[in-house]
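Colleague: Please take me through the helix packing, the charged pairing and the surface of this model.

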Amino acid sequence: MENENILISFPGIDPDLALILQSVHFVLLAAMVHGTMRNIQKTLKHARSSNIELQAAQTSLEQRIAEQQEQRDRLQQVVEEYTDYLIEVEMGNLSIRLPIDEAEQEGSDDPLIVLGQRLNTVASGLQNMIAQILTSASDLSAGAAEILAAASQQAVGASEQSAAISQTT
């Protein structure tokens with residue numbers, strides 16, 4: 001009998017009882033395999049879920065890295081623009097202004113925009129101050145010329161008066 005080859009031998013036990021024990025053994029074995037498969041499926045489902053979460057985290061991290069790189073590039077560009085601007089101001093070009101977009105200026109709390117506005121204000125103030133100094137120097141020069149002319153006239157008048165006094169004596 002072929003079925004006897006796959007049956008577990010239970011010596012001294014009735015063959016019908018042995019068949020029942022064999023069936024119970026297979027049922028228990030099937031239950032264990034089923035439980036193990038369910039555990040594997042749960043673990044696999046959890047692993048897939050974790051993988052999805054990891055992929056989302058990786059995507060988020062990549063986006064943050066890209067945003068930080070953009071910010072770093074913008075900061076570097078702005079610093080280079082401000083450095084070039086300050087070199088121009090240092091060389092005496094006070095008419096130059098940093099190009100700050102008016103839309104950015106309105107109520108902006110970006111420290112770089114505020115710094116750019118302040119630098120433009122300083123350059124404008126220096127330009128106005130130098131214009132006032134030049135106007136004052138020009139006015140002072142004109143006043144000095146008038147004083148020199150008046151002093152020269154007084155000197156000529158004094159010389160003429162001295163000469164007139166000398167002739168009368």
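Modeller: This is a predicted model, and the answers below take those topics in turn.

Colleague: How are α2 and α4 oriented where they pack, roughly parallel or roughly antiparallel?

Modeller: Helix α2 (residues 15-90) and helix α4 (residues 111-168) pack with their axes 12 Å apart, at an angle of about 5 degrees. Angles under 35 degrees count as roughly parallel. Therefore α2 is, relative to α4, roughly parallel.

Colleague: Of the residues in the contact of α2 with α4, how many are charged?

Modeller: On the α2 side, the contact includes Arg74, Leu75, Val78 and Tyr82. Helix α4 contributes residues including Leu112, Ile113, Gly116 and Asn120. Eleven residues of this contact are nonpolar and two are polar, and the number that are charged is one.

Colleague: Which residue forms a salt bridge with Arg74?

Modeller: The structure holds one salt bridge. Its closest N and O atoms are 2.9 Å apart, within the 4 Å cut-off. Arg74 lies in helix α2, and its partner sits 36 residues away in the loop between α3 (102-105) and α4, so that the pair links distant parts of the chain. That partner is Asp110.

Colleague: What is the area of the nonpolar surface patch that includes Ile20?

Modeller: Ile20 is placed in helix α2. The patch is made by Ile20 together with Ile13, Leu17, Leu21, Val24 and Leu28. Its area is about 490 Å².

Technical notes
Residues numbered from 1 in each chain as written. Predicted model: local features only at pLDDT ≥ 70, side-chain atom pairs only at ≥ 80, totals over all residues. Heavy atoms only, no water. Axes fitted to C-alpha atoms, helices over the stretch in contact; angles between N-to-C directions. Helix = DSSP H or I, 4+ residues; strand = E, 2+ residues; numbered from the N terminus. Parallel < 35°, antiparallel > 145°, perpendicular 65-115°, else oblique. Contact = heavy atoms within 4.5 Å. Nonpolar A, V, L, I, M, F, W, Y, C, P; charged D, E, K, R; others polar. Patch = residues over 30% accessible without salt bridge, like charges linked within 9 Å, V, L, I, M, F, W, Y side chains within 5 Å. Areas by Shrake-Rupley, 256 points an atom, 1.4 Å probe, with all protein chains shown as cover. Salt bridge = Lys/Arg side-chain N within 4 Å of Asp/Glu carboxyl O.
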